[in-house]
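Subject: Structure handover

Dear colleague,

Here is the structure that I am passing on to you. My notes on it follow below.

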Amino acid sequence: MSKKEHRLGVSEINLVVRHLKLEPADQNNLQAVVAEVDQLYGLDAISFDEKSHVLNLAYDASRICLDGIEDVLKKHGVEVSHDWWTHFKEDYYKFVDQNVKNNASHEPWSCHQIPPGAGRKR
């Protein structure tokens with residue numbers, strides 16, 4: 001386990017890192033997107049690489065999903081790249097995010113647990 005401090009609402013066990021290539025957009029719109037996404041509860045880090053047009057995100061997938069981040073992008077007129085590789089990664093990210101969210105609330109079972117009522121004295 002890492003000693004890195006995370007933002008409020010971020011659990012390291014549910015932390016995911018995502019890299020989304022964006023279509024070229026107005027610099028002011030990109031800054032607005034980064035500022036708004038940076039305020040989301042459960043986000044750990046965000047950065048934008050201007051050379052490659054890649055939005056880098058680290059967030060708790062049990063609290064935020066990629067769809068919510070894409071809603072912010074659309075709100076500001078910024079689009080995810082339309083190439084096949086970005087769409088492939090985007091679908092994979094959404095699949096993994098949903099699994100993380102589902103498993104975060106799932107109570108694990110184990111055959112090594114004491115059966116209910118077995119620990120009582122008679």
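Helices (H or I, at least four residues) and strands (E, at least two) are DSSP runs, numbered from the N terminus. This is a predicted model, in which local features need pLDDT of at least 70 and side-chain atom pairs count only at pLDDT 80 or more, while totals for chains, interfaces and linings use all residues. Residues are numbered from 1 along each chain as its sequence is written, and side-chain values use heavy atoms, with hydrogens and water left out.

Phe88 is found in helix H3, which covers residues 84-104, and Phe88 counts as exposed because its relative accessibility is 51% (buried means under 20% relative accessible area, exposed over 50%, and partly exposed in between, with a 1.4 Å probe and protein chains only).

A search of the whole structure finds five salt bridges, a salt bridge being a side-chain nitrogen of Lys or Arg within 4 Å of a carboxyl oxygen of Asp or Glu. One of them joins Asp97 to Arg18, with the closest N and O atoms 2.7 Å apart. Asp97 lies in helix H3 and Arg18 in strand S1 (residues 15-21), so this pair ties together parts that are 79 residues apart in sequence. Asp97 is buried at 3% relative accessibility, and Arg18 is buried as well, at 6%.

Another salt bridge is formed by Glu70 and Lys94, at 3.2 Å from N to O; this pair links helix H2, which holds Glu70, with helix H3, which holds Lys94, across 24 residues. Glu70 counts as buried at 8% relative accessibility, whereas Lys94 is partly exposed at 27%.
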